[in-house]
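Welcome, and thanks for taking a look at this one.

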Amino acid sequence: MSERSGIKSVMAEIAPSILAADFARLGEAVEAVERGGAAIIHVDVMDGHFVPNITMGLPIVRSLARVTRLPLDAHLMIAEPARYVAQFAEAGARMVSVHVEAETHLHRTLMEIKRHGALAGVAINPATPLVLLEEALPYADYVVLMAVNPGFSGQAFIPTTIDKLRRLRRMIVERRVATRIEVDGGIELENAAEVAAAGADIIVAATAVFDSADPAEAVRKLREAAVQWV
Ligand code: DX5
Ligand code: ZN
């Protein structure tokens, strides 16, 4: 405690991903992380086409929107996302992200998300260069920087993400845009502080939260790791 002089500044908010929760008890899962201080609920939508897994879709967003006041963040890991963004916003997602790799007309799709009242995000895979989203930054409310190849929870954090995150932060500062950075995949208590310090505004965590005995406490600990004492 001696290094803590008393001013606590929050570096990143926590967005638990329900992908690792018990799907038969999603309401309880959301209630627990809300108690733990979660800021956002991350909903991983997969189509078995853009990624090799099928997860959940509109009905789950609709149901969750009725039981939580937290913003629902729909991470669309689907082909042709433009066909669905309006429906996700209307279902109650207050944040909707599409993959830069899946969308040819990114500007149009981001504007479409906003037109439906949600925050618009661009997600980017680990091996996709940042330059591909540079021109979209002024229109994107947030970037979902993938630290794993999308498709599954419980994968290991790809270490080069830290450098990519720093470069993205620099790009945002240099271009004077207000885009926030959400980092997604492989984040646990051990690396949350490093990810927050490298420039993340939002930290997504599935396994670290829902594979623990006490998800509320897991969120509390991640929050504590994502603050700095100055
Ligand atoms: C990966 C998903 C992530 C995933 C994170 O395809 O986009 O949001 O749920 O899971 P963990 O935190 O276990 O890596
Ligand atoms: Zn995700």
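This is a predicted model: local features need pLDDT of at least 70, side-chain atom pairs count only at pLDDT 80 or more; totals for chains, interfaces and linings use all residues.

**Histidine 116**

- You will find histidine 116 in the loop that runs between helix 4 (106-115) and strand 6 (119-124).
- With a relative accessible area of 27%, histidine 116 is partly exposed, because that value falls between the 20% limit for buried and the 50% limit for exposed.
- Leaving aside residues up to four places away in sequence, histidine 116 touches Ala86, Ala89 and Glu90.
- Isoleucine 78 is 38 residues from histidine 116 along the chain, and the C-alpha atoms of the two are separated by 19 Å.

**The zinc ion (ligand 2)**

- Four residues coordinate the zinc ion (ligand 2): His42 through NE2, His75 through ND1, and Asp44 and Asp184 through OD, at 2.1 to 2.3 Å.
- There are six donor atoms around the zinc ion (ligand 2), and the arrangement is octahedral because the angles they subtend run from 72 to 172 degrees.
- If you like to read a site from the sequence, the donor residues follow the spacing H-x1-D-x30-H-x108-D.
- Histidine 42 belongs to strand 3 (residues 41-46) and histidine 75 to strand 4 (residues 72-77), so this pair ties together parts that lie 33 residues apart in sequence.
- Both histidine 42 and histidine 75 are buried.

**Ligand 1**

- There are 20 residues around ligand 1, and those that come nearest are Gly151, Gly154, Asp184, Gly186 and Thr207.
- Asp184 is on that list, and Asp184 also coordinates the zinc ion (ligand 2).
- Glycine 154 places a backbone N or O atom 2.8 Å from an oxygen atom of ligand 1.
- Serine 17 has a polar side-chain atom 3.1 Å from an oxygen atom of ligand 1.
- Histidine 42, a zinc-coordinating residue, also has a side-chain N or O atom 3.3 Å from an oxygen atom of ligand 1.
- On its own, ligand 1 has 390 Å² of accessible area, and the protein covers 99% of it.

**Valine 143**

- Is valine 143 buried or exposed? Its relative accessibility is 0%, so valine 143 counts as buried.
- Valine 143 sits in strand 7 (residues 142-146).
- Valine 122 is 21 residues from valine 143 along the chain, yet their C-alpha atoms are separated by 4.8 Å.
- Apart from residues up to four places away in sequence, valine 143 touches Val122, Ile124, Leu133, Leu137, Leu168, Thr179, Arg180, Ile181 and Glu182.

**Two residues with positive phi**

- Glutamate 80 is not a glycine, but its phi is positive, at about 50 degrees.
- Look for glutamate 80 in the loop between strand 4 and helix 3 (85-91).
- Arginine 176, also a residue other than glycine, has a positive phi near 55 degrees.
- Arginine 176 is in the loop between helix 6 (161-174) and strand 8 (180-184).
- The relative accessible area of arginine 176 is 76%, so this residue is exposed.

Note on methods:
Residues are numbered from 1 along each chain as its sequence is written. Chains are lettered from A and ligands numbered from 1 in the order in which they are written. Side-chain values use heavy atoms; hydrogens and water are left out. Donors are N, O and S atoms within 2.8 Å of the metal (3.2 Å for Na, K and Ca); water is not among the atoms, so sites may look incomplete. Four donors count as tetrahedral if all angles lie between 85 and 135 degrees; four count as square planar and six as octahedral if opposite donors are over 155 degrees apart and all others between 65 and 115; anything else is irregular. Helices (H or I, at least four residues) and strands (E, at least two) are DSSP runs, numbered from the N terminus. Buried means under 20% relative accessible area, exposed over 50%, partly exposed in between (1.4 Å probe, protein chains only). A residue is near a molecule or strand if one of its heavy atoms lies within 4 Å of it. A polar contact is a pair of N or O atoms within 3.5 Å; within protein, one must be able to donate a hydrogen and the other to accept it, and residues adjacent in sequence count only if both atoms are side-chain atoms. Accessible areas come from the Shrake-Rupley method with a 1.4 Å probe; for residues, only the protein chains shown count as cover. Contact means heavy atoms within 4.5 Å.
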